[in-house]
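The following note is intended for a colleague who is meeting this structure for the first time. Please read the points alongside the sequence and the model.

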Amino acid sequence: MKLISTTLTALSRRSTLTSLAASLLLISSTPALAGPDADALGHCLVTSSTSADKMALVTWMFTSMAQHPAVAEMSNVSEEERRDSLQAMANLMTVLLTDRCGELARTAIRNEGPIAMQTSFATLGQVAATELFAHPAVSTGLAELDSFLDHEAINEALELRGPGQ
């Protein structure tokens with residue numbers, strides 16, 4: 001019981017929630033080791049989130065990433081838009097963790113610790129990003145990279161050669 005209390009106390013700390021929020025932004029390609037309870041929570045987060053919820057998530061991710069100095073000058077995100085996205089994301093996280101997936105969240109935290117929250121929300125972030133990238137305008141924009149690639153150099157560099165060739 002002490003472990004559960006300690007874990008829940010840790011999750012209630014601002015730094016842990018900030019870490020959770022940061023993990024949503026990362027949507028890391030490094031696979032995290034999720035247990036069955038985290039998997040169940042991730043599934044619930046995905047299936048309990050509407051398309052509008054997922055767009056609120058990616059909007060928050062975008063407005064947060066737009067704060068980085070490397071891209072800040074390219075972004076026209078106003079402070080009001082950023083705050084609106086923060087509020088929408090906070091509302092979404094609250095409803096997901098207290099209502100839509102509350103029991104699964106409690107079980108995942110109890111059995112697998114705070115990493116369960118990170119991996120579960122990373123799953124939701126990956127699905128939301130996939131939906132964003134599937135939009136025709138985004139897909140077209142991403143595909144434009146192809147016209148800038150040096151295909152000949154890449155093909156030559158990636159060509160597999162056997163021993164002695």
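1. Helices, here runs of H or I in DSSP of at least four residues, are numbered from the N terminus. On that basis, Leu145 falls in the loop between helix 9 (136-143) and helix 10 (151-158). The model under discussion is a predicted one.

2. Leu145 has a relative accessible area of 52%, and because the cut-off for exposed is over 50%, this residue counts as exposed. Together with Phe148, Leu149, Ile154 and Leu158, Leu145 makes a nonpolar surface patch of about 540 Å².

3. One disulfide is found in a search of the whole structure. The bond joins Cys44 to Cys101, with an S to S distance of 2.1 Å. Distant parts of the chain are linked in this way: Cys44 belongs to helix 3 (residues 36-47), whereas Cys101 sits in the loop between helix 6 and helix 7 (102-112), 57 residues apart. The torsion about the S-S bond is about -95 degrees, so the disulfide is left-handed. Cys44 and Cys101 are both buried.

4. Helix 4 (residues 51-65) has 15 residues, which at 1.5 Å a residue should span 21 Å; the end C-alpha atoms are 21 Å apart, in agreement with that expectation. The buried residues of helix 4 include Leu57, Val58, Trp60 and Met61, and also Asp53 and Lys54.

5. Leaving aside neighbours within four places in sequence, Ser75 is in contact with Phe62 and Ala66.

Technical notes
Residues are numbered from 1 along each chain as its sequence is written. This is a predicted model: local features need pLDDT of at least 70, side-chain atom pairs count only at pLDDT 80 or more; totals for chains, interfaces and linings use all residues. Side-chain values use heavy atoms; hydrogens and water are left out. Helices (H or I, at least four residues) and strands (E, at least two) are DSSP runs, numbered from the N terminus. The expected span of a helix is 1.5 Å times one less than its number of residues. Buried means under 20% relative accessible area, exposed over 50%, partly exposed in between (1.4 Å probe, protein chains only). Contact means heavy atoms within 4.5 Å. Patches are made of residues with over 30% relative accessible area and no salt bridge: like charges are joined within 9 Å, nonpolar side chains (Val, Leu, Ile, Met, Phe, Trp, Tyr) within 5 Å. Accessible areas come from the Shrake-Rupley method with a 1.4 Å probe; for residues, only the protein chains shown count as cover. A salt bridge is a side-chain nitrogen of Lys or Arg within 4 Å of a carboxyl oxygen of Asp or Glu. A disulfide is a pair of cysteine sulfur atoms within 2.5 Å.
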